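Look at the sequence and the fold, then work through each answer.

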Amino acid sequence: MKNTIVLITGASSGIGEACAETFAAEGARLILWARRADKLDTVAASIRERFAVDCITHVVDVRDRDAVNKAIAALPPSWAPIDVLVNNAGLSRGLEPIHEGVIENWEEMIDTNVKGLLYVTRAVLPTMVARKSGHVINVASIAGMQAYRGGNVYGATKAAVKMLSENMQVDLNGTGVRVCTIDPGLVETEFSVVRFRGDTDRASTVYQGYQPLTAHDVADTILYVATRPAHVNIQNILLTPTAQASATVVHRT
Ligand code: 8X3
């Protein structure tokens with residue numbers, strides 16, 4: 001990973017922040033994107049101090065196509081050849097059954113998880129294809145493979161990410177660019193606090209009675225994917241806590 005250029009979206013917390021630390025520890029050069037400038041600055045400052053790697057930040061909401069394109073176009077030449085894109089920015093909102101769903105929540109999830117991921121990918125891929133090298137790692141979810149009550153639109157956005165990854169794989173075949181989907185199960189991050197709009201009590205119950213994955217567990221897996229030899233393409237990894245058998249079967253004590 002030394003001097004490899006890695007762009008991570010949603011880098012100010014959770015899996016994105018853990019990826020930033022994990023790749024920095026391997027000597028990568030980081031381009032970190034997030035919406036929250038203060039959190040992003042804190043993450044970047046901490047990374048520069050602890051790992052002494054080059055790290056640049058952009059305050060970008062991936063839903064904003066112009067901002068995405070401008071941030072990529074403005075990269076200095078030495079940062080333009082992105083080697084690894086970690087499409088991590090994403091969120092869930094709400095757990096209502098479909099007939100009580102909140103349309104604004106649906107729009108936010110679709111705009112971020114699907115359209116935002118597409119905007120970033122579309123902006124980055126041409127340079128990878130031109131260089132016949134690059135790696136796109138899309139963070140999807142077990143929710144995109146298996147239904148659970150209230151998962152509806154969130155699950156559908158992650159199923160879209162999964163099928164988009166498979167189609168990218170096909171379109172990019174022969175270019176040397178690799179694509180992988182990571183499907184985490186239950187990971188304790190801000191995920192549920194965001195889903196429940198700040199209700200930390202409700203969010204914490206999601207992770208009670210068993211040992212959930214940490215963001216670093218997922219980041220380690222992403223690093224493993226990114227560090228295989230160029231002829232090896234891991235297309236998909238589903239990882240869950242040992243206590244989680246499926247989206248709905250979790251052994252709690
Ligand atoms: C996160 C996993 O099961 O909470 O995407 O939806 S789950």
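Q: In which strand is the place of V84?
A: This is a predicted model, in which local features need pLDDT of at least 70, side-chain atom pairs count only at pLDDT 80 or more, and totals for chains, interfaces and linings use all residues. Residues are numbered from 1 along each chain as its sequence is written, and side-chain values use heavy atoms, with hydrogens and water left out. Strands (E, at least two residues) and helices (H or I, at least four) are DSSP runs, numbered from the N terminus. V84 sits in strand β4.

Q: Does V84 count as buried or exposed?
A: Buried means under 20% relative accessible area, exposed over 50%, and partly exposed in between (1.4 Å probe, protein chains only). V84 has 4% relative accessibility, so the label is buried.

Q: Which residues does V84 touch, not counting residues up to four places away in sequence?
A: Contact means heavy atoms within 4.5 Å. With residues up to four places away set aside, V84 touches T4, I5, V6, L7, M128, H135 and I137.

Q: What distance separates the C-alpha atoms of V84 and F23?
A: Along the chain, these two are 61 residues apart.

Q: Why does A89 count as buried?
A: A89 is found in the loop between β4 (84-87) and α4 (103-131). Beyond its neighbours within four places in sequence, A89 is in contact with T9, G10, V62 and T112. A89 counts as buried because its relative accessibility is 19%.

Q: How many residues of the shell around the ligand are nonpolar?
A: A residue is near a molecule if one of its heavy atoms lies within 4 Å of it. Around the ligand are S141, I142, A143, Y148, Y154, P184, G185, L186 and F191. Ala, Val, Leu, Ile, Met, Phe, Trp, Tyr, Cys and Pro count as nonpolar, Asp, Glu, Lys and Arg as charged, and the others, Gly among them, as polar. The shell has two polar residues, no charged ones, and nonpolar ones numbering seven.

Q: How far is an oxygen atom of the ligand from an N or O atom in the side chain of Y148?
A: For S141, a ligand oxygen is 2.6 Å from a side-chain N or O atom. A polar side-chain atom of Y154 also lies 2.6 Å from an oxygen atom of the ligand. For Y148, the distance is 2.5 Å.

Q: Is A52 buried or exposed?
A: A52 lies in the loop between α2 (37-51) and β3 (55-59). Its phi is positive, about 50°, although A52 is not a glycine. A52 has a relative accessible area of 70%, so the label is exposed.

Terms used: Polar contact = N/O pair within 3.5 Å; in protein donor to acceptor, adjacent residues only side chain to side chain.
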